[in-house]
Amino acid sequence: MFTTQLLSAQEYKLSFQILSEADNRPIDNAQIIITPCACGGVTDTNGEFSINLPKNTYLVKVSFIGFKTAEREVTLDQDKRLRLTLADEEQQLSEVVLRAKRVSERLESPQMGAVQMTAVELNKMPAAIGEVDLLRSMTLLPGVNNAGEVSNGLSVRGGSLDQNLLLYDYAPVFNPTHLFGLFSIFTPEAIASTDLYRANIPARYGGRITSVLDVKVKNPYVDKLKLSGGIGLVSSRLSVEAPLIKDKLFLYAGTRAGFTDFLLPIVSKRLENTKARFYDHTIKLLYLPTDKDQISFTNFYSKDFYQLDLISQIENINAKSNQYDFKTFNNTLNWTHSFTDDSSIRTVLLHSRYTPKTLFPESENSNVIEYESQINFLSLFSEYSKRINDKLNYYVGIQGNRYKIKPGKLDPGNGNSILPVTLDDETSYELSAYTNVNWSPFEQLALSGGLRLNNFSFVGPYTQATFDESTEEITNITEFGKGEKIKTFNSIEPRLGANLKLGENTSVKASYARLNQYLQNIYNSTTPLPTSRWKTSDPNIDPQKSDTYSFGVYQNLDDNNLELGVEGYYRDIQNNLTYKPGADFFLEEFLERDIVQAQGKAYGVEFSLKKPNGPVNGWLNYTWSRSFMKTNSLKLSDRINNNQWHPSDFDRPHVFNGTINIESDKYNTWSFNFTAQTGRPYSVANGYFDLEGIDIPIFLERNNARLKPYHRLDLSWKVKYSKKLNRRWVGDWTFTIYNLYARKNSYNVYYTQRTGDVNSHIFLGSPLGSYELTIMNSPLFALTYNFVFD
């Protein structure tokens, strides 16, 4: 009897750690109820709780708002530690939490023109070509466009494609698309969060004058193997998350591939000679050596190959098609150390390499002529951040960048008609220091002030030429040695923002930002092909400079069920880089002979109405905007439109986007996306002249006409399983139709020599015929099976 009583009185320690199933992060203040002892408690900031109990069998119930309740029966006959994960509650309650965060950021933050999107919110966006796509989702926002179907980037508020800084786990991406711009290179499963900045860009960002799209790769906090991905007609993908060393080392690996050669001829007969395939992967290792340190390494690789009927033609090369080969190779090493809960330092070393290649298969033989260029970008930055209290926080940092550009190399292969050409490498360095302070002096007012200091140096080896002003013939050559400083630019970039709350549901914001851009892309079409040139500032090319002023009013209506926003902006731009009339800068050693720097301005008003919740949700956006350029050249031959203001390539006066998501039941979700915008500007020939029997068009004005208005309707239907075949396996089908009503949107207008009486009823006596080029003139169907195994 004595022994029995002693054993029954003995107590054991029961410990808990409560984690989120979605990202394996600790949940603090989770409620733990234990019966039959009628005891329990709440977890601490590490998601942990412990209690001493007598030997017995207990029922443990764990709950937290926004998550499903978990129950576990425990036989306590020794010290035990339970690690429980809570799944997101698939009810409206979780959306209330997300909405509260979004309302707070929207109405209280001094940041203007910013959009923050988590992976959960991204997955609610309408699917495109079978899967959720980041860039397609961005183009649904006001002021954000692409240049058309075949486009490798975004145009934000009338800016050119190279004026946007796109970061993938801190490393810049110079070509963010697959498959003619239909896909972005960002695999949905790999994304943790996305931040888009369009107005007072925070001081930690530099190098671009229009916008920043900062994409973070998820941290693989998992305690067991997790698989996710999709199998589709256009592309397939697979992601793996796994712990390599328990609580210390974690792995995320995701890959995606698309092979559409067989599908394109079905879409359009004109695409029967078109080939396209792509591949990318993201690998991230996360190491937690201590409770205050986090080290991660991210590797990203992307490769594209596609073939089109001849779009760009190079002198003396006889080819029927262009083949394009793009490669991106990025690496990021990130170390974060936390001194306290309110202060930390982050140090990042990154490398980004972009290698575009153009192949010209000769028509009369099997020889292939190759043109290749490359950008090598290396950067190291360190940033200390401190939160003083709820009203004041700041960060301060330094950054060093190295730009190394291989402008171009032409390899004629076995051909004899073309000589090999290799342009000299270009090297530049940029040193920056920056700081930013956020301060709320009282409840209704929030202020943000930032400052960035830049020192940019262009160094040798370099060959500098002096030209005769009238004939443009070279009069003198100066050689600079390796590492010799040739030209230096210093700049100060203030960033300011203010937010004044007018009641609980209304706020007014204003901002100003100055930015400088030292790396630019020069091209003569709205879609930068690999034959375009990347160029840093040098003795002949000044950095682009932008001053942006913004003002906005935001209001939440109907008990925060509707979000209304109006933003206006004006951007003054200096030193826009464009080509001179008649320029041919392909493999040009002295690029300054073919380019001119112009003044620019962009302004507009953006209206947005959003319904984020409910079985029927979506948003409507309308933007009225203009984007102009003007040269100030003294020489007549260098003037564009005689130094008058003219529309830029990305001038779109009217843009409308509408998206509706219909959650008819818990198994079916229908999404419709409609977009319409003014056709882009293009140049119409003002006449023609005869050159040895060939009629040549004469272009006296640039962007003096517009293509037909662009519009398109897309459909997405997502079907979830009604029953799970396995409790760890969840799948759904996504069916999409891109360009539902087969709109023949114009990509370009080109001129050809007419022969005989072909189309004489259209062109009458003109020796030239103008034709409209369309890329996607039929619906594009896609079916994808998406799954998660956890």
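Rings of Phe, Tyr and Trp (its six-membered ring) count as a pair if their centres lie within 6.5 Å; planes under 30 degrees apart make the pair stacked, over 60 edge-to-face, and the rest tilted. By this rule the count comes to 33 aromatic pairs. The model is predicted: local features need pLDDT of at least 70 and side-chain atom pairs count only at pLDDT 80 or more, while totals for chains, interfaces and linings use all residues. Residues are numbered from 1 along each chain as its sequence is written, and side-chain values use heavy atoms, with hydrogens and water left out.

**Aromatic pairs**

- Tyr512 and Tyr549 form a tilted pair, with 5.1 Å centre to centre and 40° between the planes.
- Tyr512 lies in strand β32 (residues 506-517) and Tyr549 in strand β35 (residues 544-557), so the pair ties together parts that are 37 residues apart in sequence. Strands (E, at least two residues) and helices (H or I, at least four) are DSSP runs, numbered from the N terminus.
- Tyr512 is buried at a relative accessible area of 17%, whereas Tyr549 is partly exposed at 43%. Buried means under 20% relative accessible area, exposed over 50%, and partly exposed in between (1.4 Å probe, protein chains only).
- The ring centres of Tyr785 and Phe787 are 6.2 Å apart and the planes stand at 25°, so this pair is stacked.
- Tyr785 is buried with a relative accessible area of 12%, and Phe787 is buried at 10%.
- One aromatic cluster is formed by Phe377, Tyr403, Phe456, Phe489 and Tyr518.

**Nonpolar cores**

- The largest nonpolar core has 37 residues, of which Phe174, Leu179 and Leu350 touch the most other members. Such a core is a set of buried Ala, Val, Leu, Ile, Met, Phe, Trp, Tyr and Cys residues joined through side-chain atoms within 4.5 Å.
- The elements that give two or more residues to this core are β20 (275-290), β21 (293-309), β22 (321-340), β23 (343-361), β24 (368-389), β25 (392-411) and β50 (780-789).
- Apart from this core lies another, of 24 residues, among them Leu134, Leu135, Phe186 and Val215.
- Phe174 touches Arg208, Ser352, Tyr354, Ile375, Phe377, Leu519 and Trp534, not counting residues up to four places away in sequence. Contact means heavy atoms within 4.5 Å.

**Val173**

- Val173 is found in the loop between β12 (171-172) and β13 (177-178).
- Val173 counts as buried because its relative accessibility is 7%.
- Leaving aside neighbours within four places in sequence, Val173 is in contact with Leu166, Tyr168, Ile185 and Asn330.
- Val173 and Phe329 are 156 residues apart along the chain, and their C-alpha atoms are separated by 9.1 Å.

**Polar residues in strands**

- Lys485 has its place in strand β31 (residues 485-501) and counts as exposed, at 55% relative accessibility.
- From Lys485 to Ser457 the C-alpha distance is 6.7 Å, and the two are 28 residues apart in sequence.
- Asn786 sits in strand β50 and is buried, with a relative accessible area of 11%.
- The side chains of Asn786 and Thr734 are joined by a polar contact of 3.2 Å. A polar contact is a pair of N or O atoms within 3.5 Å; within protein, one must be able to donate a hydrogen and the other to accept it, and residues adjacent in sequence count only if both atoms are side-chain atoms.

**Open sheet of β3, β2, β5 and β6**

- An open sheet of 4 strands runs in the order β3-β2-β5-β6, with antiparallel pairing. Two strands pair if DSSP finds at least two bridges between them.
- The edge strands are β3 (39-42) and β6, each of which pairs on one side only.
- On average, neighbouring strands of this sheet are turned by 20° against each other, direction ignored. Axes are lines fitted to C-alpha atoms, for helices over the stretch in contact, and angles run from 0 to 180 degrees between N-to-C directions.
- Strand β5 (residues 56-63) pairs with β6 (residues 70-76) in the antiparallel sense over 7 bridges.
- Leu59 has Glu73 in β6 as its bridge partner, and Tyr58 stands opposite Val74 in β6.
- The hairpin of β5 and β6 has 6 residues between the strands, and Gly66 in this hairpin takes a positive phi near 90°.
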